Amino acid sequence: MNNFSREIKDFFIIFFIVLILFFIHHFLILAIFMNEKPPLISIYFFNYFAVLFLLSFFKLNLYYKLTTPLISFVILTFIKMLSVVAYFIYFNNYEDFDIKILVYNFFPVYFLLLLIEILNIKKSLNNI
């Protein structure tokens with residue numbers, strides 16, 4: 001039970017980090033980009049749920065031992081990268097946003113959450 005509560009605590013910590021990052025990012029966007037505002041809510045929802053998806057399946061794989069941790073990380077990262085490509089294709093084709101501004105606002109969030117994701121996976125692998 002202690003391990004489960006620690007995992008839930010990690011997800012809440014990620015949630016609060018994302019929330020704080022969103023408000024800081026939103027404040028900076030209001031100060032810098034006055035004319036063209038990127039879809040910040042979409043960016044943060046996508047990145048947050050991508051991290052939750054990857055971490056959840058990675059931890060389930062550690063528990064059920066379906067594949068090795070390296071193979072599961074590579075497969076899940078590949079799925080995450082394909083979903084990022086689909087995300088950009090959607091915004092390029094169906095939404096009226098400047099794709100450069102979307103990229104400038106998407107990838108800092110993506111890489112910060114990727115760092116949190118990797119640190120969380122490292123911590124999970126150290127606990128095996």
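Which residues does Tyr44 touch, not counting residues up to four places away in sequence? In this predicted model, Tyr44 touches Val18, Leu21, Phe22, His25 and Val109, once residues up to four places away in sequence are set aside.

**Overall form**

- Along its principal axes, the C-alpha trace of the protein chain spans about 50 × 25 × 15 Å.
- Of the 128 residues in the protein chain, 36% count as buried, while the chain exposes about 8,500 Å², of which carbon and sulfur atoms supply 75%.
- Among contacts in the protein chain with a separation of 6 or more, 69% are accounted for by residues 24 or more positions apart.

**The nonpolar core**

- The largest nonpolar core holds 29 residues, and those that touch the most other members are Ile43, Tyr44, Tyr87 and Phe106.
- Two or more residues of this core are given by each of α1 (2–32), α2, α3 and α4, with α2 giving the most, namely eleven residues.

**Helix α3**

- Helix α3 covers residues 69–94, and its 26 residues should span 38 Å at 1.5 Å a residue, which agrees with the 37 Å that separates its end C-alpha atoms.
- The residues Ser72, Leu76, Thr77, Lys80, Val84, Tyr87, Phe88 and Phe91 of α3 are buried, and the buried residues of this helix pack against α2 (40–64) and α4.
- An α-helix has 3.6 residues a turn, so residues three or four places apart point the same way.

- Phe53, Phe57, Leu60, Tyr63, Tyr64, Leu66, Ile71, Ile75 and Ile79 make a nonpolar surface patch of about 970 Å².
- Helices α2 and α3 each supply at least two residues of the nonpolar patch, and the largest share, five residues, comes from α2.
- Tyr64, one of the patch residues, lies in helix α2 and counts as exposed because its relative accessibility is 55%, which is over the 50% cut-off.

- Leaving out residues up to four places away in sequence, Ser124 touches Glu7, Lys59 and Leu62.

Note on methods
Residues numbered from 1 in each chain as written. Predicted model: local features only at pLDDT ≥ 70, side-chain atom pairs only at ≥ 80, totals over all residues. Heavy atoms only, no water. Contact = heavy atoms within 4.5 Å. Helix = DSSP H or I, 4+ residues; strand = E, 2+ residues; numbered from the N terminus. Expected span 1.5 Å × (residues − 1). Buried < 20%, exposed > 50% of the residue type's maximum accessible area, 1.4 Å probe, protein only. Core = buried A, V, L, I, M, F, W, Y, C linked by side-chain atoms within 4.5 Å. Patch = residues over 30% accessible without salt bridge, like charges linked within 9 Å, V, L, I, M, F, W, Y side chains within 5 Å. Areas by Shrake-Rupley, 256 points an atom, 1.4 Å probe, with all protein chains shown as cover. Salt bridge = Lys/Arg side-chain N within 4 Å of Asp/Glu carboxyl O.
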